[in-house]
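Please keep the structure in view while reading.

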Amino acid sequence: DSKQSHWPRKPKRGWGASLAALESLFGLECSVHLYPPENAAGLDKKFLMHSSPFCKSIKAKGHSQERACIRCDQGEVLEALKKHPSPHLKCCHAGGWEWVAPILKEKHVEGVLFFGVFRLPWTFGPPDSFLYPFLNFEKKVYTNEVDVLPAVSEERLKKMGAVLDIITYHW
């Protein structure tokens, strides 16, 4: 069927160049999970896993931390995006923050973009903040590691969210 889209639709400049441009724009690392994983063939491995110093440090704490990361990203995030397929902030199992955005094909989640990892500009945030609904006070936070993450202002987070809203619906 000529009307059926082929996915993943490769950006004109290529996936790697497009993801690198988003990293530069946001000033944060980008990674992508594609479903099925075979769709990631040819994509630089740099974009296929969370490789920030924070993530590496947490994963180095033991196999259980790596499993918790995978469970969070491939389980919790994917299920949340299937229910509400729009960009949102998430706190990882270790206390780092990321923007996550679905890659959609015909309203089905075919992949997830991750931008981070960062810390919020304050510890628990004011209840009137747009961030407050995203806060999860039950996560285990590795304070030493989180404290050295770059802080991202609420204003910058809102701008990133606006860009991701547009990107999400134009893949």
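Strand β2 (residues 88-91) and strand β3 pair in the antiparallel sense over 4 bridges, where helices (H or I, at least four residues) and strands (E, at least two) are DSSP runs numbered from the N terminus, and two strands pair if DSSP finds at least two bridges between them. The model is a predicted one, in which local features need pLDDT of at least 70 and side-chain atom pairs count only at pLDDT 80 or more, while totals for chains, interfaces and linings use all residues. Residues are numbered from 1 along each chain as its sequence is written, and side-chain values use heavy atoms, with hydrogens and water left out.

How many residues of strand β3 (residues 97-105) are buried? The count is 9 of 9, buried meaning under 20% relative accessible area, exposed over 50% and partly exposed in between (1.4 Å probe, protein chains only). In a regular strand the side chains alternate between the two faces of the sheet. In β3 both faces are covered: W97, W99, A101, I103 and K105 are buried on one side, and E98, V100, P102 and L104 on the other.

F115 also takes part in an aromatic pair. Rings of Phe, Tyr and Trp (its six-membered ring) pair if their centres lie within 6.5 Å, with planes under 30 degrees apart counted as stacked, over 60 as edge-to-face and the rest as tilted. By this rule there is 1 aromatic pair. F26 and F115 form it edge-to-face, at 4.9 Å centre to centre and with 80° between the planes. Because F26 lies in helix α1 (residues 15-26) and F115 in strand β4 (residues 108-118), the pair ties together parts that are 89 residues apart in sequence. Both F26 and F115 are buried.

Helix α3 (residues 63-83) has a kink of about 30° centred on C72, the bend at a residue being the angle between axes fitted to the seven residues ending there and the seven starting there. Its buried residues include C69, C72, D73 and V77. The buried residues of α3 pack against β1 (30-34), α2 (53-59), β2, β3 and β4, contact meaning heavy atoms within 4.5 Å.

The charged side chains complete the picture. The whole structure holds 6 salt bridges, each a side-chain nitrogen of Lys or Arg within 4 Å of a carboxyl oxygen of Asp or Glu. One of them joins K46 and E23 at 2.9 Å, N to O. K46 lies in the loop between β1 and α2 and E23 in helix α1, so this pair ties together parts that are 23 residues apart in sequence. K46 is partly exposed, with a relative accessible area of 38%, whereas E23 is buried at 14%.

Another salt bridge links E98 and K90 at 2.8 Å, N to O. E98 is buried, with a relative accessible area of 4%, and K90 is buried at 7%. K159 and E155 form a further salt bridge, their closest N and O atoms being 3.3 Å apart. These two residues are 4 residues apart in helix α5 (residues 154-168) and are therefore separated by about one helical turn. K159 counts as exposed at 52% relative accessibility, and E155 is exposed at 53%. Salt bridges that share partners join D73, K90 and E98 into one network.
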